[in-house]
Every structure is written in structure tokens, then in C-alpha cells.
Amino acid sequence: MCGIVAYLGKKAAQPILVEGLKRLEYRGYDSAGVALMGSGNIRIRKTSGRIDALEGILCEPDVTETFGIGHTRWATHGEPNTVNAHPHLDYTGKIAVVHNGIVENYGTLKTWLQNEGVEFVSETDTEVITNLIGFFYLNCRDDEQQSPPNGQNKFEWAVQRALRELYGTFGLAIICSDFPNMLIGAKKGSPLILGLGENEYILASDAAAIVEHTTQAIYLADDEMVTVGPDGFHTKTIGNITVSKDLQQIEFSLEQIELGGFEHHMLKEIFEQPRSLKTCMGGRIDGRNHRIKLGGIASYLRDLTRTRRLILTACGTAFHAGLVGEFLFEQLARIPAETEYASEFRYRNPIIEDRTVVVAISQSGETLDTLAAVEEAKERGARVLGIVNVVGSSIARATDAGIYLHAGPEIGVASTKAFTAQVAVLTMLAIELGRRKHISSEQADRHIDELSQIPDKIDTILTQSDQIKEIAAANVDKNNWLFLGRGFNYPVALEGALKLKEISYIHAEGLPAAEMKHGPIALIADGMPAVFIATSGPQYDKIMGNIAEVRARGGRIIVVATEGDENIAQHADHLIMIPDAPEFLQPMLAVVPLQLLAYHAAVLRGHDVDKPRNLAKSVTVE
């Protein structure tokens with residue numbers, strides 16, 4: 001959950017590293033640092049705080065080094081301070097490392113190194129990697145166990161020798177003062193990409209740091225490394241077996257990751273949802289022939305129609321999308337479905353029967369818990385599909401097949417447009433499976449037509465942003481909220497509560513509305529905000545009863561309702577109207593005002609919306 005960037009080329013490295021770190025700051029912002037290689041020496045500058053704090057301690061911009069590595073950190077081992085910030089220099093003073101991931105056996109390795117006389121200065125697990133490489137580098141000698149094979153330099157050998165001792169995950173950029181023109185990157189469980197420019201190379205944990213310079217890249221797989229030097233780059237396994245990598249095109253442009261006139265990335269991404277959904281559905285909805293085409297899983301659709309059970313697994317916002325998917329598959333396709341937290345899936349001895357299909361959902365495609373669930377499901381014999389946004393990501397490569405969201409890059413830590421795109425993909429898949437199993441062509445046609453209208457309906461909701469800001473202002477002083485929904489809108493209630501918690505730091509709880517009276521109703525006191533999703537549908541009368549229960553106890557009622565509902569206003573303190581849609585499509589509409597409500601609440605409370613405390617965008621540690 002950190003940002004890595006490294007540059008080797010002809011230009012001044014420092015400004016490129018700093019700019020790259022700014023583009024990666026959403027991956028971590030507890031501390032930051034750079035290491036620059038010049039005249040056979042490594043010069044490190046690092047500090048706690050964000051990138052602007054690092055800029056304040058860097059040398060003047062005319063520095064001449066053309067080679068360096070940089071890092072922005074989200075702390076796991078060791079508090080976020082200058083000593084624990086990356087890069088870390090080994091005890092010999094020759095090796096510098098930046099790291100994303102967790103070394104699970106760092107305690108054992110640290111004790112062993114200390115017994116060998118190695119001194120440590122930080123509390124981080126990363127310093128174990130640095131010193132382990134340094135130890136093998138220093139102690140390289142001419143015997144079969146402790147020397148590189150013919151043709152391999154001892155720097156690369158020491159890296160491979162050290163990495164074979166590690167348990168856990170890592171994305172690494174490594175430099176050595178004895179090799180002033182050589183950069184090494186290595187990956188296991190944390191993303192790492194090498195961008196290839198004109199006489200320059202940029203290694204990064206995210207394409208956002210690369211796209212300004214080149215759109216050509218290679219994506220490392222687990223247990224692979226890349227060595228970049230004057231003669232180009234070479235890829236191999238950590239076990240020193242050469243591998244060939246295909247050059248890939250980075251999908252998005254620099255413009256897509258800029259603010260584009262918006263105050264925050266989150267607000268931009270909320271307003272991008274009509275366009276991102278049209279892109280997501282474009283080419284997949286054949287309006288003329290009323291068909292859905294999902295090319296990524298086309299060869300598996302026949303098997304999917306015979307599926308006995310679907311397990312959707314994900315974390316956070318993607319889990320809430322999975323809950324909507326559970327309802328969709330059972331209602332439209334009549335396939336038994338359940339949603340599992342990926343973080344629990346592999347620890348609970350899951351039952352995978354014949355003709356069970358597991359669907360893994362992740363915006364980044366790098367979520368470690370979800371990736372572990374994928375591997376567990378595969379080991380147990382399940383067919384595993386992926387629904388991810390980032391092309392070439394670890395989950396996309398690990399699954400048997402899948403569907404890309406094509407929602408464009410999402411920079412805001414609190415996910416918004418990825419959620420609606422995930423639900424759109426799950427809806428398309430459920431409609432297609434339903435059409436193949438039991439619903440009529442006429443029903444499928446109506447569903448597809450209604451789905452095609454969702455982007456334009458979201459556009460009309462976005463025009464209410466100022467009104468929703470006023471609702472936030474009237475309630476932002478309250479530190480406990482409830483979000484309540486029924487049926488398809490129960491997951492939306494969960495998502496609304498999560499958004500408010502993530503960025504405004506207001507405690508919020510999402511519940512099925514009927515569960516409120518089984519305990520949580522005791523929380524309601526004068527003026528406590530309760531957000532109800534009371535849209536048209538079979539449970540409308542029931543949720544109106546829940547509203548009456550909260551209102552009678554002094555709660556402040558905020559309602560998301562369907563346009564044309566003339567009855568609801570008298571029961572609400574604050575009212576947000578959304579266009580009418582079939583119940584199974586309402587989550588993509590109902591979630592939008594809740595995203596805006598959370599956004600405006602966070603801004604009014606003075607918080608950094610795009611970089612909420614203690615959170616990072618892509619959770620690549622367990």
C-alpha cells in the first residue's frame with residue numbers, strides 16, 4: 001500500500017521522481033523519500049508527511065543525477081516518521097531499497113542478521129530486505145552456495161539470493177552504488193510495471209506514474225524481476241530463469257488522471273459516472289439486436305448457465321457491489337449466490353462443490369485478500385472469474401477469465417465510479433445468464449433498454465449536488481448516522497455508510513431497514529440522522545413503517561425517493577429524488593446522492609477527501 005517510482009535515463013531524475021510520487025500519493029501518504037545515484041554515491045532525502053514536505057527538503061531543481069528511486073509510504077511496520085520512511089540504505093552503505101508489501105518472517109531474519117553483526121536503525125520490515133541483500137552482496141565468495149553463476153553480476157545475484165529467503169509480499173526497486181547504471185525491480189503480490197520510453201525507463205507500482213512519459217510498458221508477474229541497464233532490460237524469475245514479456249499499451253491518458261477543473265478527484269469521479277458507465281457498457285450492449293456481449297467470458301457462458309452456485313468475493317466497496325450481484329443472480333438468473341468477504345474466504349475452509357463458480361471483484365485487481373481468495377478457490381477446483389478495472393493486474397492474470405470495467409483510472413481513495421461499473425457488469429452478466437436460462441426475450445429486451453438509460457438518469461441526479469450539499473451542512477455536526485435500505489438497496493445503505501466513514505470520519509452504520517428494531521433502534525436520539533433509501537418497489541410500504549419508527553423517536557429523516565412520489569415529502573426532513581427505474585437497477589442510481597452526501601460532509605468538516613487518514617487506495621497487504 002505504498003507508491004514506488006524509479007527513473008533511469010538521460011533527464012534529471014529528481015523532478016521526475018517527485019512528480020511520479022505526487023501521482024502515486026493516493027497509495028500512501030505517511031512519509032516520502034528519494035534516493036539519487038551520482039558519482040558512485042547514493043544520496044537519500046526523506047521525511048515524514050506528504051510529498052510537499054519532501055519537496056521542502058530537496059535540493060534546488062538543477063540537480064544533475066539521471067538515476068534514482070522514490071517512495072511514498074502507508075505505514076505497516078513502524079510509525080510514520082523520517083527514520084522509518086523509505087528509501088532504506090543497508091548497513092554497508094551500498095544498497096538502497098524502496099518496498100511495497102509485508103515481510104512476514106522479518107522477525108526471524110532480523111534476529112539472524114543481528115547475530116551476524118548487522119545493525120538496524122528503523123522499525124520497518126523493509127530494512128530487513130535491504131540488509132539481507134547487503135549481507136549477501138558483502139559476503140559473496142567463490143563457492144557454489146555463495147557466488148553468482150557465470151555471466152551474472154553479484155548485485156543481481158545478491159538480490160535473488162535475498163528474495164528467496166522472504167515470506168510475504170513485495171514490490172521492490174533496488175539500486176547499488178557499485179553499479180551506478182543498473183536498476184533492479186522485483187515483484188511478488190504487489191504490482192510493479194516497467195515503462196519503456198525513448199532512452200529512458202520508469203519503474204512504478206502504478207501506471208499513473210508512467211503515463212506522462214510513455215504508454216508502453218511490461219507488467220511483472222509474481223516471482224519475476226527485471227534488471228535495467230545500459231544495454232536495455234532483461235526479465236527473469238527470481239530463480240534466475242529468463243522469461244519473455246509482451247509489451248503492453250497503458251489504457252488511459254494523462255488527462256484522465258488530472259483534476260480537470262474539479263476540486264477533488266473524488267468529485268470528478270462521481271461526475272464521471274455517466275461517461276464511465278457508457279464506456280463500460282459500450283460494445284457490450286447491442287441495442288439493435290437486444291443482446292449482451294461479454295467477450296472476456298464468451299467461451300465460458302455455456303458452462304455458466306449450468307452453474308449450481310455462485311460465490312462472489314471481494315472487500316470494501318467491491319463487496320457491496322458483490323451483494324447487489326448476489327441479488328441480481330438469484331432474481332434474474334435464478335442461480336443460488338452468496339457473497340463472501342475475501343479477507344475471510346480462505347480461512348474458513350470454504351465448500352467448493354462441482355459446478356461452483358467464484359467471481360472475484362476488485363477495482364485495482366491487486367487487492368491482496370481478494371487475490372488470496374482467488375488462489376484458494378482455484379486450488380479447490382472452482383472456475384474463477386474476475387471483474388476488475390486495471391488491465392494486466394494480478395487478479396486479471398490469476399483468474400480463468402473475466403470482464404474489465406473500463407471505468408478509467410480511479411484516483412480518489414474512496415471508490416465511486418468503480419462501484420457503479422461493477423454493478424453494471426454484474427447486471428449485464430445476470431441478464432445474459434437469465435436470458436439463456438428462463439426469462440423471455442421480451443423481458444431481456446426490457447431489462448437491456450432500462451439498463452441503457454441509467455447513465456442519463458445519473459446525469460439528472462448530479463444536478464442536485466448543491467441541494468445535497470445543503471443537506472450535508474444541516475447534519476454535518478452529528479457524529480452518528482444510520483443508513484437503511486431493503487432488498488436491492490440494503491447493499492446501497494452499507495455503501496453509503498462506508499463512504500461517510502471513509503472520508504468524513506463520521507461514525508455510520510448501514511443496515512437492512514427491518515433489522516433496525518432488533519437492537520440498533522436503541523441508538524436513535526434527538527436529531528440523529530437516518531438516511532432511508534425509500535424508492536418505489538415491493539417493499540416501499542415496509543420501509544415507510546421503518547421511517548415512522550425512527551421519526552417517532554426523534555431521528556432526523558433523510559430520504560432518497562423516486563421522482564413522482566407525492567406522499568414521501570411529509571415524512572422526511574430532507575428529501576432527494578432520483579429517477580424511476582426497476583428495483584434491480586436502482587442501486588446504481590440510489591448510491592450517487594449518498595456519494596455526494598459523504599463528499600460534501602467531508603469537505604465541510606475540512607478533511608482531505610482524496611487522501612483520508614489511515615487509508616490507501618489499493619490494499620496490497622494483509
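## Residue classes and the model

To begin with the classes used for the linings and contacts below: Ala, Val, Leu, Ile, Met, Phe, Trp, Tyr, Cys and Pro count as nonpolar, Asp, Glu, Lys and Arg count as charged, and the others, Gly among them, count as polar. Please keep in mind that this is a predicted model.

The largest cavity has a volume of about 90 Å³. It is lined by 13 residues, and R486, N489, T535, Q539 and Y540 are the closest to its centre. Strand β24 (529-534) and helix α18 (540-552) each give at least two residues to this lining. Sorted by class, the lining of the largest cavity holds five nonpolar, six polar and two charged residues.

The second largest cavity comes to about 70 Å³. Here 11 residues form the lining, with R73, T76, H86, D125 and T126 closest to the centre. Seven residues of this lining are polar, two are nonpolar and two are charged.

## The largest pocket

Turning to the open spaces, the largest pocket has a volume of about 670 Å³. Its lining counts 41 residues, and those closest to the centre are F252, N389, V390, G408 and P409. Strand β14 (248-249) and helix α7 (273-281) each contribute at least two lining residues. The largest share is that of α7, with three residues. By class, the lining of the pocket divides into 16 nonpolar, 14 polar and 11 charged residues.

## The eight-stranded sheet

Strand β14 also belongs to an open, antiparallel sheet of eight strands, in the order β3-β2-β4-β1-β10-β9-β11-β14. At its edges stand β3 (41-48) and β14, each of which pairs on one side only.

Within this sheet, β1 (residues 3-8) and β10 (residues 201-204) run antiparallel and are joined over four bridges. One of the bridges can be found at A6, whose partner in β10 is L203. Helix α1 (residues 13-24) packs on the sheet and touches β1, β2 (31-38), β3 and β4 (67-73), with its direction at about 155° to that of β1.

## The six-stranded sheet

A second open sheet to look at has six strands, ordered β5-β6-β7-β8-β12-β13 with antiparallel pairing. Its edge strands are β5 (88-89) and β13 (232-237); each has a single partner strand, so one side of each has no neighbour in the sheet.

Strands β7 (residues 170-176) and β8 (residues 179-188) pair in the antiparallel sense over seven bridges. You can pick out C176, which stands opposite F179 of β8. Helix α4 (residues 126-138) packs on this sheet, in touch with β5, β6 (95-100), β7 and β8, and its direction makes about 145° with that of β6.

## A pair of helices

Finally, helices α13 (residues 417-437) and α14 (residues 441-452) pack against each other at an angle of about 170°, with 10 Å between their axes. How are these two helices directed, roughly parallel or roughly antiparallel? Angles over 145 degrees count as roughly antiparallel, and α13 and α14 are therefore roughly antiparallel to each other.

From α13 the contact takes in T427, M428, I431 and R435, while α14 brings A444, H447, I448 and L451. By class, five of the residues in this contact are nonpolar, two are polar and one is charged.

Technical notes
Residues are numbered from 1 along each chain as its sequence is written. This is a predicted model: local features need pLDDT of at least 70, side-chain atom pairs count only at pLDDT 80 or more; totals for chains, interfaces and linings use all residues. Side-chain values use heavy atoms; hydrogens and water are left out. Two strands pair if DSSP finds at least two bridges between them. Contact means heavy atoms within 4.5 Å. Axes are lines fitted to C-alpha atoms, for helices over the stretch in contact, and angles run from 0 to 180 degrees between N-to-C directions. On a 1 Å grid over the protein atoms alone, a cavity is a set of points where a 1.4 Å probe fits but cannot get out, and a pocket is an open set with protein on both sides within 12 Å along at least five of seven lines; lining residues have an atom within 4 Å of a point. Grid points are joined across faces, edges and corners, and a volume is the space filled by probe spheres set on the points. Angles under 35 degrees count as roughly parallel, over 145 as roughly antiparallel, 65 to 115 as roughly perpendicular and the rest as oblique.
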